[in-house]
Amino acid sequence: MKYVPEKPPIYGESLESLQDRFVELGEPKFRAKQVLEWLYKKRAKTWDAMTNLPKPLREKLADSFEIAPSKRVLAKESADETEKLLLQMGDNSMVETVVIRAPQIGVGQESSRKTICISTQVGCAYGCKFCASGLAGWKRDLSVGEIVSQLIHVCHLEDATTERASEEIASFDNIVVMGMGEPMANYQNLLPALRILNAKWGLNFGARRITISTSGVVPRILELADEREQFRLAVSLHGATNEVRDQIMPINRKYPLEQLLPAIQKYAQTKGRMITLEFILIEEINDMLEQADALIKIALDLKAHVNLIPYNTVDGLDWKRPSITRQDTFYNRLKNRGVSVTIRREKGHDIAAACGQLKLKTETDLAV
């Protein structure tokens, strides 16, 4: 399903495309840089706030572009300072963006203060059996502007509570593309959006602090390896054998480990960076020592970091989180064999912070 808004979002424009649009509007190119400075550095929320632009130009901009392609309909903060934003798009679709105000080792800077988890699709078509994002199916891809606007919402939120140093543009330390949807399935919009965030005229946010997560779309992993940017890669492995991955991740039938692991290896070697293997621990599914031993071999072969994540329970799914004892046994097995590993105890459980949970709950409540 494709959604075409009445006016394109301004946050989907690059400097070059905006300059071209200004020429079409009969305006000088230099105005494009002024507009982008207002949007990203000065955080303007309205066209009238752009006071150094002539009023007729502001009127043209208002007629040509949407300055806010999404609106915040809900913000919930957890006891552990995780905050989830529920954003509504122009077609009333909803997606989630999460602010994690705590260190998150393994997917960004190891001493991060704020990590932002963004979505790339409304729903998900990949059907991972443990995930809430796909329970209502896939609706559509997010546009470039809709992806970028999630970070702008966070900037506005953080600016209201945290004094920003004059030289800082972004109000956070890391971006992880791990929210709703499979990022590699929206590759054509993901890359332009991340380039806007990375550009000096945009948020000027370093590529090495952006992590793209995938369930294992092999062709896109190989394509991303050839891109110029040094984005980090995290792969949602969740099973160390094809038998387990087949059970919980349908994508493994198309791209089994025999194809996935060489693609990960190429990415790591091309970029010269450590890859993160995400591994959700589900009781009696993948938390056995046999899985730990198979994961050890994969991680050591790839020289990868393993991020263990105890399962975050989802209404409507039967999976269970392993006991602390089982979690620690699995973790210690990897650690004692020399694997770089962390265990990320759940965050935001009291605000339904797992991907898609808050959206699902809100839509269910509205339907009642």
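Reader: Where does Lys303 lie, and why is Lys303 called exposed?
Author: Lys303 lies in the loop between H9 and E11. In this predicted model, the relative accessible area of Lys303 is 63%. Exposed means over 50%, so at 63% Lys303 gets that label.

Reader: What makes the phi of Lys303 worth a remark?
Author: Phi of Lys303 is near 55°, which is positive, and the residue is not a glycine. Most residues other than glycine have a negative phi. Glu284 is another case, with a positive phi of about 60° in a residue that isn't glycine.

Reader: Where is Glu284 found, and why does Glu284 count as exposed?
Author: Look in the loop between strand E10 (276-281) and helix H9 (289-302). Glu284 has 52% relative accessibility, and the cut-off for exposed is over 50%, so Glu284 counts as exposed.

Reader: Going on to E11, why is His305 called buried?
Author: His305 sits in strand E11, residues 305-310. The relative accessible area of His305 is 6%. Buried means under 20%, so His305 is buried.

Reader: What makes the pairing of His305 and Ser340 a polar contact?
Author: Their side chains come to 2.7 Å, and the limit for a polar contact is within 3.5 Å. His305 also has a polar contact of 3.0 Å with the side chain of Thr342, and that value passes the limit of 3.5 Å too.

Reader: And is Thr342 buried or exposed?
Author: Buried. Thr342 belongs to strand E12, residues 340-343. With a relative accessible area of 16% against a cut-off of under 20%, Thr342 is therefore buried.

Reader: Why is Asn332 called partly exposed?
Author: Asn332 has its place in helix H10, residues 324-336. The relative accessible area of Asn332 is 36%. Under 20% would be buried and over 50% exposed, so 36% makes Asn332 partly exposed. As for position, Asn332 and Ala292 are 40 residues apart in sequence, with 9.7 Å from C-alpha to C-alpha.

Reader: How do you know that Asp48 is exposed?
Author: Asp48 is in the loop between H2 and helix H3 (55-64). Relative accessibility there is 56%, and exposed means over 50%, so Asp48 qualifies. The C-alpha atoms of Asp48 and Arg58 are separated by 6.8 Å, and the two are 10 residues apart along the chain.

Reader: What makes the reach of H5 close to the expected one?
Author: H5 has 12 residues and spans 16 Å from its first C-alpha to its last, against an expected 16 Å at 1.5 Å a residue.

Reader: Which residues of H5 are buried, and what do they pack against?
Author: Among the buried ones are Tyr187, Leu190, Leu191, Leu194 and Leu197. Residues three or four places apart in an α-helix point the same way, because there are 3.6 residues a turn. The buried residues of H5 pack against helix H2 (30-41), E6, helix H4 (144-161), strand E7 (174-177), strand E8 (210-214) and helix H6 (218-225).

Reader: Which elements each supply at least two residues to the lining of the second largest pocket?
Author: Strand E6 (138-141) and helix H5 (187-198) do. The pocket holds about 380 Å³ of space and is lined by 19 residues, with Tyr3, Val4, Pro5, Ser143 and Glu146 nearest its centre.

Reader: How many nonpolar, polar and charged residues are in that lining?
Author: By class, 8 are nonpolar, 4 polar and 7 charged.

How values were computed:
Residues are numbered from 1 along each chain as its sequence is written. This is a predicted model: local features need pLDDT of at least 70, side-chain atom pairs count only at pLDDT 80 or more; totals for chains, interfaces and linings use all residues. Side-chain values use heavy atoms; hydrogens and water are left out. Helices (H or I, at least four residues) and strands (E, at least two) are DSSP runs, numbered from the N terminus. Buried means under 20% relative accessible area, exposed over 50%, partly exposed in between (1.4 Å probe, protein chains only). A polar contact is a pair of N or O atoms within 3.5 Å; within protein, one must be able to donate a hydrogen and the other to accept it, and residues adjacent in sequence count only if both atoms are side-chain atoms. On a 1 Å grid over the protein atoms alone, a cavity is a set of points where a 1.4 Å probe fits but cannot get out, and a pocket is an open set with protein on both sides within 12 Å along at least five of seven lines; lining residues have an atom within 4 Å of a point. Grid points are joined across faces, edges and corners, and a volume is the space filled by probe spheres set on the points. Ala, Val, Leu, Ile, Met, Phe, Trp, Tyr, Cys and Pro count as nonpolar, Asp, Glu, Lys and Arg as charged, and the others, Gly among them, as polar. The expected span of a helix is 1.5 Å times one less than its number of residues. Contact means heavy atoms within 4.5 Å.
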